[in-house]
Amino acid sequence: MSGERKVVCVTGASGFIASWLVKLLLQRNYIVKATVRDPGDAKIKHLHELDGAKERLQIFQANLLEEGSFDSAVEGCEGVFHTASPVTFSANDPQAELLDPAVKGTLNVLSSCAKTQSVKRVVVTSSIATILFNGNPLNPGVVVDETWFSSTAFCKKLNNWYVVSKTLAEEAAWKFAKENKIDLVTLHPGLVIGPFLQSTLNLSVKVILDIVNGAQTYTSPYRIVDVRDVALAHIQALEVPAASGRYLLVGRVTQFCEILKILQHHYPTLQLQEKFKAEKYEPTYQISKEKTESLGINFMPWEVSVRDTVECFMEKGFLKV
């Protein structure tokens, strides 16, 4: 599928990954039907400012928990990208804040796709969270690939409800797709960083800002991938006829100290050495790139992604160096 005047839908279009996806789709001359919770929200201003938006971007209101609310956005589309899903690690009510929106939302989108004969393929933004969390040992000799699955029982014991939500949503998606003969592809990015188009910080880039500001609240190692690679992988997952199954999107598994070195080298005025003491790390391991590279994805150097993230912080006023 080429982009020339093809119609696609992107759910959760104002998000970090989705905004870049919309940008690249418009660059490729797709007509994009984008869903957001509130079309009047000032936070979606950046979508209207994208090149080609005036001619080929249509905004639709949709709610993950409202059955049928994606029907009009999906109607007439050849491809559907479902990116919308809540991301939080501190839910007071996991069922309402995470599980229902992730699982029911995915099924609502797929139900709309099943009603529409024009839909050729659905690409769902899943997460590395649905791959890694199963209690299997991780060490430098381990290579994680697309055959790995997280265990909801294991994650519930840890109260890791975000992982539970993403895992249950993926399971529900594959079951529904099989039953309704939907051509489904799922993508599984790690910690997505890089320049952001929206005006607000999202949780994944905030990890880098927290490192700059001296916080030590995130477990190392980091499974880094650039948002531009993730957005391109979505398009390739739609356009490459042979694309199928699951794809891991991690360009680099790296330790906290390695990120710190990059920041210290390029931004010495931050005086980061004074902010941190030695930390214990979990072992680094490998994540297979073979299947994703078959889509034509050559991962951006992770150092570039870190630097571009920091430059974006400065550009948008979140950081002064």
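How many of the residues of β5 are buried? Five of its five residues are buried, so β5 is mostly covered; buried means under 20% relative accessible area, exposed over 50%, and partly exposed in between, with a 1.4 Å probe and protein chains only.

Before going on, note that this is a predicted model: local features need pLDDT of at least 70, side-chain atom pairs count only at pLDDT 80 or more, and totals for chains, interfaces and linings use all residues. Residues are numbered from 1 along each chain as its sequence is written, and side-chain values use heavy atoms, with hydrogens and water left out.

**Stop 1: strand β5**

Select residues 121-125, which make up β5. Helices (H or I, at least four residues) and strands (E, at least two) are DSSP runs, numbered from the N terminus. Show the side chains. R121, V123 and T125 point one way from β5. V122 and V124 point the other way. All of them are buried.

V80 has V122 as its bridge partner in β5. For F81, the bridge partner is V123.

**Stop 2: the seven-stranded sheet**

Seven strands form an open sheet with parallel pairing, in the order β3-β2-β1-β4-β5-β7-β10. Its edge strands are β3 (57-61) and β10 (245-249), each pairing on one side only. Neighbouring strands are turned by 20° against each other on average, direction ignored. Axes are lines fitted to C-alpha atoms, for helices over the stretch in contact, and angles run from 0 to 180 degrees between N-to-C directions.

Contact means heavy atoms within 4.5 Å. Then select helix α8, residues 161-180. α8 packs on the sheet and touches β5, β7 and β10. Its direction makes about 165° with that of β7.

**Stop 3: the largest cavity**

The structure holds two cavities of 30 Å³ or more. On a 1 Å grid over the protein atoms alone, a cavity is a set of points where a 1.4 Å probe fits but cannot get out; lining residues have an atom within 4 Å of a point. Grid points are joined across faces, edges and corners, and a volume is the space filled by probe spheres set on the points.

The largest cavity has a volume of about 90 Å³. Select its lining: H82, T83, A84, S85, A102, T106, V124, T125, S126, K166, A169 and E170. α5 (94-114), β5 and α8 each supply at least two of the lining residues. α8 gives the most, with three residues. Colour by type: the lining divides into four nonpolar, six polar and two charged residues. Ala, Val, Leu, Ile, Met, Phe, Trp, Tyr, Cys and Pro count as nonpolar, Asp, Glu, Lys and Arg as charged, and the others, Gly among them, as polar.

**Stop 4: the second largest cavity**

Which residues line the second largest cavity? Select I224, V225, D226, D229, G251, R252, F299, M300, W302 and S305. The space inside is about 40 Å³. β9 (222-226) and α13 (302-315) each supply at least two lining residues. The largest share, three residues, comes from β9. This lining holds five nonpolar, two polar and three charged residues.

**Stop 5: the three-stranded sheet**

Stay with β9. An open sheet of three strands has the order β8-β9-β11, with mixed pairing. β8 (191-193) and β11 (252-254) are the edge strands. Neighbouring strands of this sheet are turned by 40° against each other on average, direction ignored. β9 and β11 run antiparallel, joined by three bridges. Y222 stands opposite T254 in β11.

Two helices lie here. Select α9 (203-213): it lies across β8 and β9, at about 75° to β8. Select α10 (227-239): it lies across β8 and β9, at about 65° to β9.

**Stop 6: two loop residues**

Most residues other than glycine have a negative phi. Select N159, in the loop between α7 (152-157) and α8. N159 has a positive phi of about 55°. The residue is exposed, with a relative accessible area of 55%. Finish on K181, in the loop between α8 and β7. Phi of K181 is near 55°, also a positive value. K181 is exposed, with a relative accessible area of 76%.

Methods
Pairing = 2+ DSSP bridges. 1 Å grid on protein atoms, 1.4 Å probe; cavity = no way out; pocket = protein on both sides within 12 Å on 5 of 7 lines; lining within 4 Å.
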